[in-house]
Structures are given as structure tokens and as C-alpha cells.
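Here are a few notes from my pass through this one. Have the model open while you read.

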Amino acid sequence: MREILVYRTSNDLAAASGCAIVLDAGLRFQMGMPRESAQPAESGRPSPAKYRTDMSVPTLRLHSGDGMPAIGLGLWKVERENAARTVEDAIRCGYRHFDCACDYANEAEVGAGLKDVLRSGVCRREDLWVTSKLWNTYHAAEHVRPALERSLNDLQLDYLDLYLIHFPLALKYVPFDERYPPGWFYEPQSPRPKIEPAHVPVSETWRAMEELVRAGKVHNIGVSNFNVSLLRDLLSYAEIPPAVLQAELHPFLTQEKLLRFCQENGIVVTAFSPLGAASYFQLGMAGEGESALEQPAVRESALQHGKSPAQIVVRWGVQRGTAVIPKTTRRDRLRENLAIFDFELSAEEMTAINALNRNRRFNDPGEFCEKAFNTFLPIYE
Ligand code: NAP
């Protein structure tokens with residue numbers, strides 16, 4: 001039941017139209033916000049015109065035929081008290097794609113925001129793209145559907161547009177009534193808590209994910225933090241192939257081979273932590289000199305186009321054919337990160353940003369699980 005992918009790469013589109021954004025014209029979302037975008041930006045940031053988002057956001061076509069908006073709002077580290085307000089702000093300024101997860105510990109608040117804004121009639125459920133992720137403790141077949149039901153219940157939704165296996169790491173099951181979300185530690189109260197791996201093959205989890213599609217509970221399934229070898233193995237037995245890979249991608253980690261493998265195998269790629277180190281300074285996981293936004297190649301393009309460095313990096317991600325899901329809770333940045341469809345980076349600018357690659361992975365379980373969770377748990381060698 002392998003389906004043909006209607007995914008157009010930036011190269012296809014560039015050849016067709018001279019423009020290098022992945023566009024799926026039939027499934028465009030109209031994201032008008034002329035009134036709000038005319039408000040002055042917060043914090044004395046650049047002129048309002050710079051942040052106008054009264055334009056449609058292109059979509060990436062998945063093998064199911066569904067169109068996933070190329071820009072979404074990341075919700076990791078959005079505090080509970082800000083989550084509902086941020087979701088509402090985001091929808092009102094044009095976002096239709098939300099990247100959630102059980103592990104972000106804010107799905108109930110995100111759900112409250114979605115409910116309020118849907119009730120107000122700004123958009124309909126079918127205009128939204130909601131992704132969530134199966135946490136590591138729920139990989140055993142019997143836990144997959146209950147985990148999804150819990151996310152749906154918190155998000156106050158009947159279905160998800162996309163459900164991803166969050167990591168190729170199965171951990172020992174923690175019952176919902178013991179702790180939710182369970183996080184990484186098995187027994188956080190013990191004197192020296194650790195992560196407890198479980199032996200669940202990805203194939204078992206994937207079969208259960210496929211059942212969710214057949215039951216109509218999720219429209220698309222995919223994976224996150226998988227490398228090429230894991231994807232190749234998954235493709236060998238999947239009856240419903242993964243629609244999306246979500247992976248860390250930014251100018252310091254360009255992952256060209258992974259991207260090319262996905263494009264050649266009909267898997268749409270979503271770039272997480274698209275701004276690079278920005279997400280990791282506060283966690284002590286990135287250091288001085290690691291900000292992609294400070295790099296001359298990025299800053300020069302920003303000056304050239306009258307855009308911010310973040311807009312250049314988001315645009316670079318979309319222009320190379322990935323969906324991009326920057327996180328912010330600030331209204332000015334919500335607008336800023338969406339307003340990238342009125343300019344184009346030249347081939348030379350794309351090459352200069354590609355050349356920033358340092359294979360620098362900020363979100364590496366092989367590093368952070370040992371430092372923060374007392375357990376060596378690598379995925380990548
Ligand atoms: P990110 O979106 O690359 O960066 C977020 C950081 O950049 C925040 O500190 C934010 O601060 C700041 N920022 C946002 N817009 C900015 C702008 N225009 N100018 C300057 N700074 C800006 O990082 P991320 O949150 O790690 O990644 C995005 C999303 O990817 C996550 O939220 C999550 O949904 C997903 N993700 C998935 C995985 C996975 O394992 N699948 C892992 C990591 C992330 P403010 O909030 O203060 O604006």
C-alpha cells in the first residue's frame with residue numbers, strides 16, 4: 001500500500017518557476033492578518049511592514065495528499081501559563097501549524113487555546129495542522145493508542161494531522177496515574193535517578209501507529225530523531241510509510257545526506273530547532289560563538305533583504321524544502337518568523353549559509369542524557 005508522493009523539492013520548483021520555495025498551490029492556507037500586522041511591533045523591533053504576514057503560507061504535500069504548512073509554531077519550553085495565549089496569538093497572526101508533544105507538558109493548555117480560538121470562528125479545525133509525538137515510555141503496542149488518546153483529550157481534538165514517534169528510544173513504561181508526562185527518569189525520586197531503557201522494536205511501535213491511521217485517529221504518521229539507517233529499515237516493512245521525519249536542522253547542522261535520502265524516499269522533513277543555538281543557550285547546551293544568527297553570511301543577507309537574521313534562517317530552511325517550526329511566545333517574533341514569503345535568497349546566499357555547517361548537534365541524547373539524566377543513551381555515533 002505504498003503511495004506515490006507528490007512532494008516537490010525546491011529543485012523541481014526552481015526548475016518550474018524560477019522560485020525555490022516548495023509550494024503546493026492547491027492546498028495553500030490563506031492567512032490574512034492585515035489589521036494586526038499593522039500594529040507596531042513590540043520591544044522597539046523593526047518596522048511593522050517587515051512583519052506583515054498577510055500572505056499565504058505554502059504547504060508541503062505528504063504522500064497522503066495532505067498539505068502541511070511550511071511554517072509551524074514549536075511549543076517546546078512554552079510555559080503552561082503562556083501556552084493558551086501564545087496559540088491564540090499565533091492563530092490570529094496567521095499560524096495554522098502547531099508542533100506539540102506529550103513531553104512538552106503543555107498540551108492541555110495548548111488545547112484550551114485551540115478551543116477558544118476555534119470557538120471564536122477565526123478558523124476551523126480543518127484549517128489547522130496539529131502534530132503531536134508519542135513519548136518514549138509508550139512504545140509497546142498496547143500503550144500507543146492510550147498515549148494518543150491522552151494527547152487528543154488534552155488537546156481537545158478528535159484527530160491529529162500528524163503523530164510522530166518522538167525518539168527511537170523505548171523506555172520503561174510509567175502508568176498515566178503515576179506520572180504524566182513521565183519525562184526521562186524512571187524513578188525521579190530515587191537518590192540517583194536514571195533512565196531505564198525498554199526492549200521494544202520500532203516495528204512493534206510502527207504497527208500500532210499504523211492502526212491509529214486505520215482507526216481515523218491520526219491522518220499521518222512519522223518519526224523524529226531517526227537517522228538514515230533507521231529510516232531505511234522502517235521503510236522495508238512499513239505498510240504505511242512515514243510521511244514526515246522531524247529532525248534537528250539549522251545552518252550549523254545541514255544534514256544534506258539525510259535530507260536527500262528523505263526527498264528521494266517521499267518523506268517530508270520538518271526542521272526542529274531551526275534557529276540553531278537560540279534554543280540551547282538557556283539550557284547550557286550551546287556556547288559562545290555558536291549562534292547562527294550572528295554569522296556574517298546570515299547578517300549580510302539580513303541587511304541585503306531588510307530582514308532579521310532569524311527571518312533569513314527560517315527562509316533558508318523553507319527554501320531548501322523543509323518545514324520549519326520556530327518557537328516563540330513573543331507576538332512580534334510570531335509575526336517576524338512567519339513573514340518570510342516576500343523575498344527570496346539567491347543561490348549564492350543559500351550556498352553561503354549551507355557552508356556554515358559544522359555538524360553541530362545541540363539536541364543530542366548521547367550528550368544530554370548523560371549530563372542531565374545520569375544515563376549514556378546515544379542515538380548518533
Ligand atoms: P528554535 O525555534 O530554533 O529557537 C527558539 C529560541 O529562539 C527561543 O529561545 C526563542 O526565544 C528564540 N527566538 C524565536 N524567534 C526568534 C527571533 N525571531 N529572533 C531571535 N530569537 C528568536 O528552537 P526549538 O524550540 O528548540 O525548536 C523549535 C521547535 O521544534 C520546538 O519548540 C519543538 O516544537 C520542536 N522540537 C522538536 C524536537 C524533537 O525531538 N522532535 C527537539 C527540539 C525541538 P523567545 O521564545 O523568547 O522568543
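1. A quick definition before the helices: an axis here is a line fitted to C-alpha atoms, over the stretch in contact for helices, and angles between N-to-C directions run from 0 to 180 degrees. Bear in mind, too, that this is a predicted model.

2. Start with helix α9 (residues 296-305) and helix α10 (residues 309-319), which pack at an angle of about 100° with their axes 8 Å apart. Angles of 65 to 115 degrees count as roughly perpendicular, so that is how α9 sits relative to α10. On the α9 side the contact uses V298, R299, S301 and A302, while α10 brings P309, I312 and V313. Sorted by class, that contact has five nonpolar residues, one polar and one charged.

3. Helix α10 turns up again in the core. The largest nonpolar core has 87 residues, and Y163, L245 and V268 have the most contacts inside it. Its largest share, six residues, comes from α10. There's also a second, separate core of eight residues, with F167, W184, Y186 and V200 among them.

4. Next, have a look at helix α11 (residues 331-338): seven of its eight residues are buried, so the rest of the structure largely encloses it. The buried ones are R331, D332, L334, R335, E336, N337 and L338.

5. Last, the ligand. Which residues come nearest? Of the 27 around it, those are G74, L275, A278, S279 and A310. Helix α11 gives the most to this shell, with three residues. By class, the shell divides into twelve polar, nine nonpolar and six charged residues.

Notes: Residues are numbered from 1 along each chain as its sequence is written. This is a predicted model: local features need pLDDT of at least 70, side-chain atom pairs count only at pLDDT 80 or more; totals for chains, interfaces and linings use all residues. Helices (H or I, at least four residues) and strands (E, at least two) are DSSP runs, numbered from the N terminus. Angles under 35 degrees count as roughly parallel, over 145 as roughly antiparallel, 65 to 115 as roughly perpendicular and the rest as oblique. Two residues are in contact if their C-beta atoms, placed from the backbone, lie within 7 Å. Ala, Val, Leu, Ile, Met, Phe, Trp, Tyr, Cys and Pro count as nonpolar, Asp, Glu, Lys and Arg as charged, and the others, Gly among them, as polar. A residue is buried if 20 or more other C-beta atoms lie within 10 Å of its own, exposed if 12 or fewer, and partly exposed in between; C-beta atoms are placed from the backbone. A nonpolar core is a set of buried Ala, Val, Leu, Ile, Met, Phe, Trp, Tyr and Cys residues joined through C-beta atoms within 7 Å. A residue is near a molecule or strand if its C-beta atom, placed from the backbone, lies within 6 Å of it.
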